[in-house]
Amino acid sequence: MQEYSNKDSVDAVIIGTGAGGAPIIARLAEAGLKVVALEAGKFWNPKKDFATDEREQNKIIWNYERLSAGDDPIPFGKNNSGFGVGGSTLAYTAYTPRPHPDDFTINTDFGVGKDWPISYEDLEPYFDELESFLGVSGPTPYPWGPDRNVGYPLPPNPINGAAQLMEIGCEPLNIKTVPAANAILSAPYHQEHVGEREACINRGFCQAGCSTGAKASTDVTFIPQAIHFGAEIRTECFVTRLNTNESGQISSVTYLKNGQEETQFCKTVFICAGAIETPRLLLMNQLANSSGQVGKNFMANVSTQIWGEFEELVHPYKGIPASLISEDLHRPKDADFASGYLLQSIGVMPITYASQLCRATGMWGKELREKMAAYNHVAGINIHGECLPYEHNYVELSDENDELGLPKPRIFFSNGTNEKRLAAHGEKIMEKIWDIAGAKNTFKVSRNAHIIGTCRMGDDATEAVVNAQGKSFDIPNLYISDNSLFPSSLTVNPTLTIMAVALRIADKFLQEYSTSKN
Amino acid sequence: MDNKTHQNQPEVNALLNSEFLTEPTRKVLQERFEKVGTNRFFDDASFSLLSVVCDLLMDQDSENRMVNSAYAIDERLLHDKSDGWRYDSMPPDPVMYQLGLNGIKETASQLFDKKFIDLHKEQQIEILNAVQSGKVKDGIWKNLDSKIFFEELLAETAEIFFSHPTVQVSINYVGMADAKGWTKLKLNQSENLEN
Ligand SMILES: Cc1cc2nc3c(=O)[nH]c(=O)nc-3n(C[C@H](O)[C@H](O)[C@H](O)COP(=O)(O)OP(=O)(O)OC[C@H]3O[C@@H](n4cnc5c(N)ncnc54)[C@H](O)[C@@H]3O)c2cc1C
Ligand code: SF4
């Protein structure tokens, strides 16, 4: 791997190697720029480092403590944020539906939330490119959304027990389902500059590090590509400071490595640290916040789950956990709320199940043991729905420090009326589906998933932190690319969109860069 | 962990030594299986109390105990390791645990004028139910939300308990034996390893 000196003012420093960072690292390196990525976590070797054991996998989780406040405090940590090269894509289940064109215009359509400064059409070429590059397995033609220019490169993966039960429950209700699009290989796949990746062997462990590399986390896709083109991936570097010069531009970035401070000089910075760490870094440095919007409008998709026990043997640890989808409820006709949601089936590993069961039902002792004895008969179904941006949901710095001596972030989150109504609508439908499928002893887990918002993009410098190109309105050589710049939460899982926006930001940056050079 | 021989131990050993585990998985599970802990964060009295509470939560007693989660909790708190978040309304985990255990001690002496660990199982369960439902309000509980303390304690205890191979095999979970992957995904279909 290429290595740069700290003194060398590299063309770009990218902070974070997850969904928003990795595509930029690769794109800029491919264009011949000198690129250094600073990543707080390690570079794992999937085959050697990833045991099939949930507890062991806590090492790929962002475990610096966050303080969760509000009426619906978000459980961070596991099932929320990743740590290491790959970021949260190490832990994502790689469910990669495309957003719908009207996901970008929620304010125009419903008079609530925020429109995006870019459209589906702006991102469409990137969706095409990403699905091919990552090796997304999914059904062609796809029944929802605009017609595609190209189909999925691979056929869908086999569906698991929960998905088969969901099919049974949806059919009589005329809810259309198809095997979901997942960035998980249903056949071996070769990509230039990445190499050969193995096909998925249905181990069902996707909510953690995938040991085969079948799951398209960025550490096995964009990062190898970036390294091929000469990027340096510098790991275990925790960025703490962005240093400015007299003209207010970023001149260097300071990070902690093995307890020591080091400083990398650079011409441009891309902050891609995720929707909590990105605003935290800006707030700590008191930068790029003339709009007052840094940390504001924190969102988390409505993600209620219903779990049930079935007569059938399900073996919920086998097969890709989220292997079925319905987008029929993207805009429900009888809705008393704005926007909508998708439906997905879910398998589950035993510790995640036990933990959620305890928190959601309070079961313990004999009752808990009996419930857990039925684990092999368990299947879940859940929704992913719109969460509107609200003033009462935000990230701030607390006065309590973490082990690095940095202020812990405090995150306020309370669902509003729209989220509660959407959740109630989804619950009713999920209960019907599960009832038809034969579920017994169901229980509900009310939750919000994905961390979104907090540094939104927009056309108006008084209302947004960055423009449609991800560039700060205040500091011309500071960019953001991650889940924090979403103005609205979308009705689908975020990652494909984060990556598409990232590639677009990289391309726009490179256009400007080459113009300024000539 | 307490290294007691449980009835399913031969089955667990056979599975852990089989070709169906990848080497990294085998290593992690064997270490967990063999690990014997000591208490270094809690003093002996608090640790005994925590052990009894963990047993009650997981419906076991010193006779049939599969895993004592208290060791792993002790170790985490000793190193002040966070799991990534906590309720803003609660003090840091080491403080929360100490306070919560003291709260249980207080409630036991208030209600039954005895030490919690000397009470009958029914009385102990009564106290834990009161803590879980927020019915305890005096003393320490004035400043510590007993419901949230209970939720945190229960979730952590269960996560540790169900991550032990002995317990996993007892609920017929063999997902760790995935070195060759799975091919029988249809409902009611089982691989050779599954029963
Ligand atoms: C269990 C789980 C399942 C999921 N399933 C899905 C799914 O099926 N589909 C989907 O679309 N999405 C899913 N997601 C969400 C998805 O993973 C995230 O939305 C996405 O990865 C966010 O991208 P990001 O770039 O914003 O942040 P991340 O991917 O989290 O990347 C941020 C990176 O920045 C690094 N970093 C942070 N601060 C610093 C610092 N100060 N210095 C240096 N480095 C730093 C972090 O270590 C991390 O590598 C899932 C997430 C989890 C946890
Ligand atoms: S099920 Fe497939 S993609 Fe998921 S972790 Fe296992 S091998 Fe990887």
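**Exercises on aromatic pairs and helices**

In this predicted model, α7(A) is followed by A:Q286, whose phi is positive, near 50°. Local features need pLDDT of at least 70, side-chain atom pairs count only at pLDDT 80 or more, and totals for chains, interfaces and linings use all residues. Residues are numbered from 1 along each chain as its sequence is written, chains are lettered from A and ligands numbered from 1 in the order in which they are written, and side-chain values use heavy atoms, with hydrogens and water left out.

**Exercise 1.** Compare the span of helix α7 (residues 274-285) of chain A with expectation, and determine how many of the residues of α7(A) are buried.

*Solution.* Helices are DSSP runs (H or I, at least four residues), as are strands (E, at least two), numbered from the N terminus. The expected span is 1.5 Å times one less than the number of residues. For the 12 residues of α7(A) the expected value is 16 Å, and the distance from the first C-alpha to the last is 16 Å. Next, apply the burial classes: buried is under 20% relative accessible area, exposed over 50%, partly exposed in between (1.4 Å probe, protein chains only). Of the 12 residues, 9 are buried, so α7(A) is largely enclosed by the rest of the structure. Among them are A:I276, A:P279, A:L282 and A:N285.

**Exercise 2.** Identify the buried residues of α2(B) and elements that cover them.

*Solution.* Helix α2 (residues 23-34) of chain B has end C-alpha atoms 16 Å apart, which agrees with the 16 Å that its 12 residues should span. Its buried residues are B:P24, B:T25, B:R26, B:V28, B:L29, B:R32 and B:F33. Their cover includes α2 of chain A, as well as α1 (9-16) and α8 (165-170) of chain B. Contact requires heavy atoms within 4.5 Å.

**Exercise 3.** Classify the ring pair A:Y64 and A:F238, then the pair A:F310 and A:W434.

*Solution.* Rings of Phe, Tyr and Trp (its six-membered ring) pair if their centres lie within 6.5 Å; planes under 30 degrees apart are stacked, over 60 edge-to-face, the rest tilted. The structure holds 33 such pairs over all chains. A:Y64 and A:F238 have ring centres 5.3 Å apart and planes at 75°, so this pair is edge-to-face. A:Y64 lies in the loop between α2 (46-49) and β3 (66-69) of chain A, and A:F238 in strand β8 (residues 238-244), 174 residues apart. Both A:Y64 and A:F238 are buried.

A:F310 and A:W434 are also edge-to-face, at 5.0 Å and 80°. A:F310 is buried at 4% relative accessible area, and A:W434 at 1%.
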